[in-house]
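Please examine the sequence and the structure shown below before reading on. The report then describes selected parts in turn.

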Amino acid sequence: MDTEALRSFVRAAELGQLQRAADELGVTQQAVSKRIAALERELEVLLFTRTARGVELTLDGQAFLPHARSIVAGVERAITAVRPGSRALRIDVLGLRSAQAVVLHDYWRAHPEINLDVVTLRVNDPRVAVDAVAAGDIDASFRSVTAPDALPPDLRMIRAFDSPLELLVGPRHPLASARRLTPPQLRKHRIWVPGIAPRSEWAEFYDQLATEFDLRIDAAGPHFGDEVLLDTLAESADVATLVGARDRYIWPTGHDLRRIPVVNPTLAYPLSLILPGTNPHPGLRGIITHLESMPRLPGSIWLPSWATASWRGDSGIARTRRPQPGQG
């Protein structure tokens, strides 16, 4: 069924005149008359009767009008859903308390007019997020594909920002009183990071981190959530974990947990943004500008080997150097 004919019928019925409907739709009165006549032939009923003042609905027209309105409204919703700039900007983050979500919230607070939809794809494999961007299910994803060849040519991955890591410990831990730590000071301490999923970007990150600094990173056991992790840290004298400096963690006051920066070099988790290579959502321009304006981490920084090698078309965002451990 011709949706333009349905739209012409609905506006003519609502306005009571074919000429007024034509003016609103930007076509001639003859075009509106032809559309409605074709619709009547298809339905095999008369929808209007002509009067001195315009047109009036027949009984069949009255019965058909609410259904036609519903169809036209559905078409408008469908068009709006896929038209860039007229729908919400949908961005995937790893978690609503993650550094990516915090940065997006900061941007939204400065630009509350943006129609932003923050979603969390419950997937560990970044290639699933890549497929979602390629399919148009989301407009962008804060994920990293660690193998550059695995990124489809019609997508690009730009550098977002680097998230410095902190050691999170309870009050009984031997490192609890430190104001800052270096990677060698973490050796031989158990760093528990539950939820390191195979094929995830963070699995490769922690593999490289453990190898390069000879760290004891333990992913044993199921991940029962942040609350259980925080409870364990509060009660333990030997368990620690690594968290992002911008990640939000909330714990009871009695836990007395401490977040300790790791420096010389700063251990940084590189965060990327995957988006379409052509015709991205217009709202992404402001997000990228915001990411570009974020200050870079000072001093010596450690990044995994795949970080700088994987960024493609980074929209002018400068790249952080990767010094060797111990360089100042």
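This is a predicted model: local features need pLDDT of at least 70, side-chain atom pairs count only at pLDDT 80 or more; totals for chains, interfaces and linings use all residues.

Residues are numbered from 1 along each chain as its sequence is written, and side-chain values use heavy atoms, with hydrogens and water left out.

**Pocket and cavity**

Both kinds of space are found on a 1 Å grid over the protein atoms alone: a cavity is a set of points where a 1.4 Å probe fits but cannot get out, and a pocket is an open set with protein on both sides within 12 Å along at least five of seven lines; a lining residue has an atom within 4 Å of a point. Grid points are joined across faces, edges and corners, and a volume is the space filled by probe spheres set on the points.

The largest pocket is lined by 35 residues, and Leu94, Ser98, Asp226, Asp247 and Tyr249 are those nearest its centre. Helices and strands here are DSSP runs numbered from the N terminus (helices H or I, at least four residues; strands E, at least two). At least two lining residues come from each of α5 (99-110), β6 (155-169), α7, α8 (226-235), β9 (239-244) and β11. The largest share, 4 residues, belongs to β9.

A search of the whole structure for cavities of 30 Å³ or more finds 1. Its lining consists of Arg159, Phe161, Asp162, Arg246, Met294, Pro295, Arg296 and Leu297.

The table sets out the two spaces, with Ala, Val, Leu, Ile, Met, Phe, Trp, Tyr, Cys and Pro counted as nonpolar, Asp, Glu, Lys and Arg as charged, and the others, Gly among them, as polar.

| Space | Volume | Lining residues by class |
|---|---|---|
| Largest pocket | about 990 Å³ | 17 nonpolar, 11 polar, 7 charged |
| Largest cavity | about 40 Å³ | 4 nonpolar, no polar, 4 charged |

**Nonpolar cores**

A nonpolar core is a set of buried Ala, Val, Leu, Ile, Met, Phe, Trp, Tyr and Cys residues joined through side-chain atoms within 4.5 Å. Buried means under 20% relative accessible area, exposed over 50%, and partly exposed in between (1.4 Å probe, protein chains only). The largest core has 49 residues, and Phe142, Phe161, Leu167, Leu209 and Leu291 have the most contacts inside it. A second, separate core of 19 residues includes Phe9, Val10, Leu15 and Ala21. In soluble globular proteins, nonpolar side chains tend to be buried together.

**Helix α7**

Among the buried residues of α7 are Trp202, Phe205, Tyr206 and Leu209.

Gln100 lies in helix α5 and is buried, with a relative accessible area of 2%. Contact means heavy atoms within 4.5 Å. Leaving aside neighbours within four places in sequence, Gln100 is in contact with Val93, Leu94, Phe142, Phe161 and Leu271.

Ala245, in the loop between β9 and β10 (258-261), is partly exposed at 32% relative accessible area. Its C-alpha atom is 9.7 Å from that of Ser98, although the two residues are 147 residues apart in sequence.

Asn279 lies in the loop between β11 (266-276) and α9 (284-293). Asn279 is exposed, with a relative accessible area of 71%.
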